[in-house]
Amino acid sequence: MDSPFLDTKIIDCHIHYPHPDLSSNLIKILDRNRITSCNIVCTPHYNRLSLVPDALQLKANFPERVYVFGGLDISALFMQPETCGQYFAEYAEKLAEMGCDGIKMIEGKPDMRRNLPTPDFDSRSYEPYWAKIEEMGFPLVFHVNDPEEFWDKQRIPDWALKQGWFYGDGSFINNEAQYSQVINVLTRFPKLKIIFAHFFFLSSQLERLAGYLDRFPNMHVDLTPGIEMYHNFTQDSQKSRDFFIKYQDRILYGTDIGAKALLSDPSGGLDVLESGMRISLVRNFLEKDGGFRFEEGQGFLFGKFEGDFQSINLPINVLEKIYSKNFEKLTGLSPKPLNKSAILAELERLSIIIPAMGAAQPGMAVDTSVVEKVKSYFLSH
Ligand SMILES: [Zn+2]
C-alpha cells in the first residue's frame, strides 16, 4: 500500500495491547502503515494484574516483529511496599529470562500512582531495583507525570477532565515533586537506560529537558502524543527543529496505538482509523515541510485543535535514528527469544496470585480467563 511517508525501517516503541484478541487488527494496522516492528508496553491491570501474558503470546506469534517491555508485578506494592525494590529487582530478571526486551512503568502517571501504594521512587525501598536494571542495562519506558496543565483547573482540556485527570485538588502527587524524585534516581544511577514517555512532559521546556539530556547520556524521550507536545513544538518550530537535530540520538518514535482500547473497552478492538491518525500526526511533524491540520473529532484524547501544526522536515539520517536506530541501540537489533518454560512458570504463578489479590481486596473482580488461555496456548505451541 502507498504511504505518503519515508520508506524506511520503523519501530514504534510505544504500543498498548490490552487483549490477545486484538492481534489481527494490530498486524493489519502495522502492515497498512508499513511499520516494521513494534514494542508492546505492558501496564498493570486492575482485574488481571498484568498484561504481560497477552504481549508474550503476540511475540510468540511474531517473534521477529514484536518487542515486549513487561510491566512490574504490582502485587508487591500491596503486600510488601517497603521491600518492593528487592522484589522488583528479581522480577526484572524474571522478565528478561522470559524474553522481555525491557520494562514499562506507568507508576508515575498521577492517577495510577494515587491508586498504588507506591513508595517514593527515590526512597530506599526502590533502590535495589534501580541498581539491578542499571547493572543489567535493561531499558525502561517510564511514564512520569502528565501535561502540566492537568494540575491547573483553568487550563486543563475538557477531554482530560472527563478522564478524571485533573490533579490539582491536592489528592495527587505534584509534578515537580515527581520530577525531583526521578532526577534523584538518575543522579544516583546515571547509567540507567530510561526512555521517558511523551517527551517527559517537557515539550514546552526544551532548555530544561536539554539540561537533563546533557547530564544523563543514557536518558531518552519518546515522541508518543500527548497532543500538547505537537502544539508546543509548533510554537517555535525552528527552535524545535534545532532541538531534534541536536538530540537526534536521544529521541524515539512512538504513537500510543492501543491506548484507546486500553482506556475504554478492549472488546471494541483496535481503532484502525484512530491509529492511522496517530502515525500521521507524528510522521507529518517529523518529515514534512510547512503546516498541516486534522479535522476535529477524529482522534482519541486529542481534543480540539486550534490552527495548524508546523512540521520540521528532518534530514533522512536523523529520521532513521528516531524511527529505529535509537531503539535498536537500547534493545539490540532484534527482539529477544522467548523462554517457554520461564513463561509457563510465571503464568502458573499469576493464576494463583490473581485470585489471592482478589481475596485481599474486596470488590476486586478477578479475571484469570486470559492467563488460562495464554497458558494453554504456550502448552500447545
Ligand atoms: Zn501509552
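The tour goes from the sheet to a helix and then to a helix pair.

Before you click, note that residues are numbered from 1 along each chain as its sequence is written. The model is predicted, so local features need pLDDT of at least 70 and side-chain atom pairs count only at pLDDT 80 or more, while totals for chains, interfaces and linings use all residues.

**Stop 1: the sheet.** Show the strands (DSSP runs of E, at least two residues, numbered from the N terminus, just as helices are runs of H or I, at least four residues). You'll find an open sheet of eight strands, ordered 1-2-5-6-7-8-9-10 with parallel pairing; a pair needs at least two DSSP bridges. Strand 1 (11-15) and strand 10 (251-252) are the edges, each pairing on one side only. Now select 37-41 and 66-71: these are strands 2 and 5, running parallel and joined by four bridges. Look for C38, which sits opposite V66.

**Stop 2: helix 13.** Select 272-287, a helix of 16 residues. Color S275, R278, I279, L281, V282, R283, F285 and L286: they are buried, with 20 or more other C-beta atoms (placed from the backbone) within 10 Å of their own. Among the partners that the buried residues pack against are helix 1 (23-32) and helix 14 (316-331).

**Stop 3: helices 4 and 15.** Select 84-98 and 340-360, which pack at about 130° with axes 8 Å apart. Here the axes are lines fitted to C-alpha atoms over the stretch in contact, and angles run from 0 to 180 degrees between N-to-C directions. Zoom in on K94, E97 and M98 in helix 4, meeting A342, I343 and E346 in helix 15, where contact means C-beta atoms, placed from the backbone, within 7 Å.

Conventions. Expected span 1.5 Å × (residues − 1). Buried ≥ 20, exposed ≤ 12 C-beta atoms within 10 Å, placed from the backbone. Contact = placed C-beta atoms within 7 Å.
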